[in-house]
Amino acid sequence: MCGIVGFVGKREASPILVEGLSKLEYRGYDSAGVAIIEEGDIKISKCKGRLAMLEEKLKEAPLSGAIGIGHTRWATHGEPSDLNSHPHANECGSITVVHNGIIENYLHLREWLSSKGYKFFSETDTEVIPNLVDYYYKGDLVEAVMKAVTKMEGSYAIGVITKNEPDKVVAVRKDSPLIVGLGEGEYFIASDIPAVLNHTRDIYLLNDKEFVVLTKDGVQILSEEGEEIKKEIYHVTWNADAAEKGGYEDFMLKEIHEQPKAIKDTMSSRIIPGQPISLDKINITKEELNGIDRIYIVACGTAYHAGIVGKYVIEKLAKIPVEVDIASEFRYREPIINERTLIIVISQSGETADTLAVLRESKKKDCRVIAVTNVVGSSISREADDVLYTWAGPEIAVASTKAYVTQLIAMYIIGLHFAEIKETMSKADMELIKEEMLKLPEKAEETLSHKETLQKFASKTYMHKDMFFLGRGIDYAVAMEGSLKLKEISYVHSEAYAGGELKHGPIALIEKGTIVITTLTQGFLFDKMVSNIKEVVTRGAKVMAIAFEGNNVIEKIVDSAIYIPKTLDILSPILSVIPQQLLAYYMAKQKGCDVDKPRNLAKSVTVE
Ligand code: F6R
């Protein structure tokens, strides 16, 4: 996730672009840059770091001109660095581009363009765009951009300028947001409305594959066939604060709703039906994997819970024994690890002190370390031997939601990749999992529709001091995450238990009115879980059950049922966690808690 802006008018573009970017920093902030048309030439200023660094740079070496584009980056392809920052240009600097999204076929395009003599300098996927536009440029920027996008697969919102037509900015979007701001004799493009609200409240909301041409005389919108499109003006009546949250009350709610996209992005270009799993930065050979006799997944909090799901997945698919441990425990308990142990550390921030310490200790003991992280260029990503990035985009709310589901996707990708290398699964079974995974974004979207039931349940139960989460197998792993979400944002005490463990103690706590959230998605454990539900219902518990559609039989025994779309049992965590996140959210809201900044917590725990 990144933010882009563009401006055409009579005023100085540079401060307007920077001010617009400051409203988009929530979309990414590891580097920033602007390109301005200055006396017929394109001048670029960009650097790694927060926007403030770019502002400093521009103070020392100002750029002057009334047309430009700008970018604030959340790295996906290539670590945060001056070189990888946007804008990106073709070799001679005549065409310059800012981009938000992922060009999935960039490696193929890069190879193709290289064969035609084009040169590349950064590690980004974006750099193919100015070169592709250059390839098609025959004196008409709009036509060249239109031709270039026919070759681009993936998601993009782009702003393009060329010194050969120094009066315009051309932009287009597909699966990444882009709006047009309509001022008085000045026009804007931006990834989100807050970036233009200081200048105008009149907006065009663009659809996929609509091309925009901004000049100081006006805005033209064209279809991919080149026909002019008439758009209605949308007049913004709300304030910038609300807009940064995309109209959601809190970042957490927004991030819960971004999960379908985060899941899709994390699978993008890695899972393709009929093709082997493609992993950018994990290079493990069959020989190396055969030399591994045990995997340890080590992490903290929510990431640790993703690791527990990872154990089920990797053991089932790749038949390698997996242990999961909490980083702060693992680092002090002298685990028996050596060159035959593979360590997988999971960390959204890539900076968690305990997880980083585990990585360093493990490397000292000759273990190979794979990192699963959301932050390109983080300490963990730099120090690990191999990295698998989750492409969740910046997670602002302290409680992790979209990072968790993408960490789960990473576990499936690693499981499938190892199964392929070790040949532990039939091709048909492998393809079935891939096909079902590709349906998950849509099913996650459907799962988000249960808000009303969850809100109602929360409004009846939020005064309770204790709650239980029950599940068996992989459902137990997700119950732990559901329970953590509830505690951290609503301050309701809760415990997660494996269904079969109940009668060994915790059932003593069940009494009339105790709230129990159960998940039953595992076909072979369904009847056993039903028995566990009956055990608590008999003792007076009020039960909410989460199950696949079609299991209506549970309605007869529980107080509230949430049905999630059917998928393979092994993939259920991606969907079953969503109602649990929403329940925690609505409980917290009922109690008036600050869901984005729960008490005593920090987003990145860089101390022990
Ligand atoms: C809970 C939460 C924390 C983090 C944990 C690890 O919602 O966000 O439990 O998961 O602090 O953080 P990372 O993944 O950054 O290492």
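Me: What is the order of the strands in the open sheet, and how are they paired?

Reply: This is a predicted model, in which local features need pLDDT of at least 70 and side-chain atom pairs count only at pLDDT 80 or more, while totals for chains, interfaces and linings use all residues. Residues are numbered from 1 along each chain as its sequence is written, and side-chain values use heavy atoms, with hydrogens and water left out. The open sheet has 8 strands in the order β3-β2-β4-β1-β10-β9-β11-β14, with antiparallel pairing. Strands (E, at least two residues) and helices (H or I, at least four) are DSSP runs numbered from the N terminus.

Me: Why are β3 and β14 said to stand at the edges?

Reply: β3 (41-48) and β14 (234-235) each have a single partner strand, so one side of each lacks a neighbour in the sheet.

Me: Why is glutamine 407 called buried?

Reply: Buried means under 20% relative accessible area, exposed means over 50%, and partly exposed lies in between (1.4 Å probe, protein chains only). Glutamine 407 has a relative accessible area of 3%, and is therefore buried. This residue of helix α14 (residues 402-422) touches Thr302, Ala303, Ala306, Ile346, Ser347, Gln348 and Thr390, leaving out residues up to four places away in sequence. Contact here means heavy atoms within 4.5 Å.

Me: Is threonine 518 buried or exposed?

Reply: Threonine 518, in strand β22, has a relative accessible area of 0% and is therefore buried. Apart from neighbours within four places in sequence, threonine 518 is in contact with residues including Leu470, Met529 and Ile533.

Me: What makes alanine 508 exposed, and where does alanine 508 lie?

Reply: Alanine 508 has a relative accessible area of 70%, so it counts as exposed. Alanine 508 lies in the loop between β21 (493-498) and β22 (515-520).

Me: Why is aspartate 175 called partly exposed?

Reply: The relative accessibility of aspartate 175 is 31%, so the residue counts as partly exposed. Aspartate 175 is in the loop between β8 (169-174) and β9 (179-182), and has a positive phi of about 60° although it is not a glycine.

Me: How many residues surround the ligand, and how far is an oxygen atom of the ligand from an N or O atom in the side chain of serine 347?

Reply: The ligand is surrounded by 13 residues, the closest being Ser347, Gln348, Ser349, Thr352 and Glu488; a residue is near a molecule if one of its heavy atoms lies within 4 Å of it. A polar contact is a pair of N or O atoms within 3.5 Å; within protein, one must be able to donate a hydrogen and the other to accept it, and residues adjacent in sequence count only if both atoms are side-chain atoms. An N or O atom in the side chain of serine 347 is 2.6 Å from an oxygen atom of the ligand.

Conventions. Two strands pair if DSSP finds at least two bridges between them.
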